[in-house]
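Trainee: I have the sequence and the model open side by side, and I would like to work through some individual residues with you. Could we take them one at a time?

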Amino acid sequence: MSTVTFREERCKGCELCIIVCPEKIITLADHFNAMGFHPATVTEMDKCKGCAMCARMCPDVVIEVMKEEKQA
């Protein structure tokens, strides 16, 4: 399983991560951050494959993807 973390207070809501997500699980949050933008958020974390396309696309480096190692 993968975990995606957004530094919400730095997110400008540009939606680039939403566009590149192959699973279509990223949306803009209902609330505003301190800069007045709707930050991006993951709606269904269990569907995340950990591809990190969102993190690579983010111009402000606000997304971190942690992929859990499978143990034998």
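Trainee: Does F37 count as buried, partly exposed or exposed, and what is the relative accessibility behind that label?
Mentor: Please keep in mind from the start that this is a predicted model. F37 lies in the loop between β2 (26-28) and β3. Buried would require under 20% relative accessible area and exposed over 50%, so F37 counts as partly exposed, with a relative accessibility of 33%.

Trainee: Leaving aside its neighbours within four places in sequence, which residues is F37 in contact with?
Mentor: One point of reference is C14, which is 23 residues apart from F37 along the chain, with the two C-alpha atoms separated by 9.1 Å. Once the neighbours within four places in sequence are set aside, the residues in contact with F37 are C11, K12, G13, H31 and F32.

Trainee: K12 is in that list, so which residue forms a salt bridge with K12, and how far apart are the closest N and O atoms?
Mentor: Side chains of opposite charge can pair when their charged atoms come close. The pair in question links distant parts of the chain, 48 residues apart, with K12 in the loop between β1 and α1 and its partner in the loop between α2 and β4 (63-67). K12 counts as partly exposed at 40% relative accessibility, and D60 is likewise partly exposed at 23%. The partner of K12 is therefore D60, within the 4 Å cut-off for a salt bridge, and the closest N and O atoms are apart by 3.2 Å.

Trainee: How many salt bridges does the structure hold, and which residue pairs with E44?
Mentor: The structure holds 2 salt bridges, and one of them is the pair of D60 and K12. E44 counts as partly exposed at 32% relative accessibility, and K47 counts as partly exposed at 39%. With the closest N and O atoms 3.1 Å apart, the residue that forms a salt bridge with E44 is K47.

Trainee: Is S2 buried or exposed, and at what relative accessible area?
Mentor: S2 lies in strand β1 (residues 2-6). Leaving aside its neighbours within four places in sequence, S2 is in contact with M45, C48, K49, G50, M66 and K67. Because the cut-off for a buried residue is under 20%, S2 counts as buried, with a relative accessible area of 2%.

Trainee: Which residues have the most contacts inside the largest nonpolar core?
Mentor: The largest nonpolar core has 14 residues. Strands β1 and β3 (40-42) each supply at least two residues of this core. I63, for its part, is in contact with V4, T5, F6, C17, C54, A55 and C58 when its neighbours within four places in sequence are left aside. The residues with the most contacts inside the core are V4, F6, C17, I26 and I63.

Trainee: What is phi of A52, a residue other than glycine with a positive value?
Mentor: Most residues other than glycine have a negative phi. E15, in the loop between β1 and α1 (16-20), has a positive value near 75°. A52 is placed in the loop between β3 and α2 and counts as buried at 19% relative accessibility. Its phi is near 65°.

Trainee: Which residues form a nonpolar patch on the surface, and what is their accessible area together?
Mentor: A residue needs over 30% relative accessible area to join a patch, and M57, which lies in helix α2 (residues 53-57), is partly exposed at 35%. The patch is formed by L16, I19 and M57, and their accessible area together is about 260 Å².

Definitions and conventions. Residues numbered from 1 in each chain as written. Predicted model: local features only at pLDDT ≥ 70, side-chain atom pairs only at ≥ 80, totals over all residues. Heavy atoms only, no water. Patch = residues over 30% accessible without salt bridge, like charges linked within 9 Å, V, L, I, M, F, W, Y side chains within 5 Å. Areas by Shrake-Rupley, 256 points an atom, 1.4 Å probe, with all protein chains shown as cover. Salt bridge = Lys/Arg side-chain N within 4 Å of Asp/Glu carboxyl O. Helix = DSSP H or I, 4+ residues; strand = E, 2+ residues; numbered from the N terminus. Buried < 20%, exposed > 50% of the residue type's maximum accessible area, 1.4 Å probe, protein only. Contact = heavy atoms within 4.5 Å. Core = buried A, V, L, I, M, F, W, Y, C linked by side-chain atoms within 4.5 Å.
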